[in-house]
Amino acid sequence: GGGGGAGGGGGAGGGGGAGGTVAVLDVGCGDGAALPYLCEAGADAARYAGLDLSSRMLRAARASHPGVRFEQGSFLTAAAAAPPAQYDAVLFNGALQFFGDQRAALRRAAALLGGRGRLVLAHANGAAFVRDEAARNPQTVLSTMPSLEEAEEIGSELGMRLLTPHQLGVPGAAPGGEADVAALDGFYLLALEKAGPEGDEGSGGDAATGRS
């Protein structure tokens, strides 16, 4: 399962976000630790779906967040991830490194988005940690986190715009490339955003929800 609240908003607590409207699919949700943070950032617990392979983690998630949708299964086959589900954000928080073909996973995720939806790629311990994990345990950690260039290339293939750590407000990140690369090594957070109306460049805002 995925980690705690790295990606896009994060905290602890029950399932309801006051006034939240954003629909989120949380891939590798683990024990649901990101849900309260997502709700604080504008997610709607009634429009949230958490997906994980671990029955143990999902038991903990359901105990902590009764009434919220959690599903056990693979992202590639689960009902919660079956097109044409229309999510505002699909979150891979501490989960993307477990996919051998990240591009295929992100193509599938992009097909689940409606409007100017986002794919949010996150890891609280950063890209350097994942590289070390992959070197130590390549049978489990199948990939490393995409570089800025790789993420931009994937976004281009999907017709999506890359939002960098600087644009997403990550502390220490700065425009110009090198600072963003360094920021990713320590705390990985990128988003790919579907194109809005012509001429609309979108905005940073909260990574997972887009809310300012």
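In this predicted model, F92 and F99 are both buried. Ring pairs join these two residues and F75 into a cluster. The structure holds 4 aromatic pairs. In one of them, the ring centres of F75 and F92 lie 5.5 Å apart and the planes meet at 75°, so the pair is edge-to-face. This pair bridges distant parts of the chain. F75 sits in the loop between β3 (69-72) and β4, whereas F92 belongs to strand β4, 17 residues apart. F75 counts as buried at 3% relative accessibility. For F92 the relative accessible area is 0%, and this residue is therefore buried as well. The rings of F92 and F99 have centres 5.8 Å apart and planes at 80°, which makes this pair edge-to-face too.

Strand β4 (residues 87-93) also pairs with β1. The two strands run parallel and are joined by 4 bridges.

Strand β1 (residues 22-27) is largely enclosed by the rest of the structure, because 6 of its 6 residues are buried. In a regular strand, side chains alternate between the two faces of the sheet. Both faces of β1 are covered. V22, V24 and D26 are buried on one side, and A23, L25 and V27 are buried on the other.

Helix α4 (residues 126-136) has buried residues G126, A127, V130, E133 and A134. These residues span an arc of only 140° around the axis, so they lie on the same side of α4. Their cover includes β5 (113-123), α6 (178-186) and β7 (188-194). The face turned away from this buried side carries the exposed residues A135 and R136.

Cysteines were also examined. A disulfide is a covalent bond between the sulfur atoms of two cysteines. A search of the whole structure finds 0 disulfides. C29 has a relative accessible area of 1% and is thus buried. C39 is buried as well, with a relative accessible area of 5%.

Definitions and conventions. Residues are numbered from 1 along each chain as its sequence is written. This is a predicted model: local features need pLDDT of at least 70, side-chain atom pairs count only at pLDDT 80 or more; totals for chains, interfaces and linings use all residues. Side-chain values use heavy atoms; hydrogens and water are left out. Buried means under 20% relative accessible area, exposed over 50%, partly exposed in between (1.4 Å probe, protein chains only). Two strands pair if DSSP finds at least two bridges between them. A disulfide is a pair of cysteine sulfur atoms within 2.5 Å. The arc is that of the directions from the helix axis to the C-beta atoms. Contact means heavy atoms within 4.5 Å. Rings of Phe, Tyr and Trp (its six-membered ring) pair if their centres lie within 6.5 Å; planes under 30 degrees apart count as stacked, over 60 as edge-to-face and the rest as tilted.
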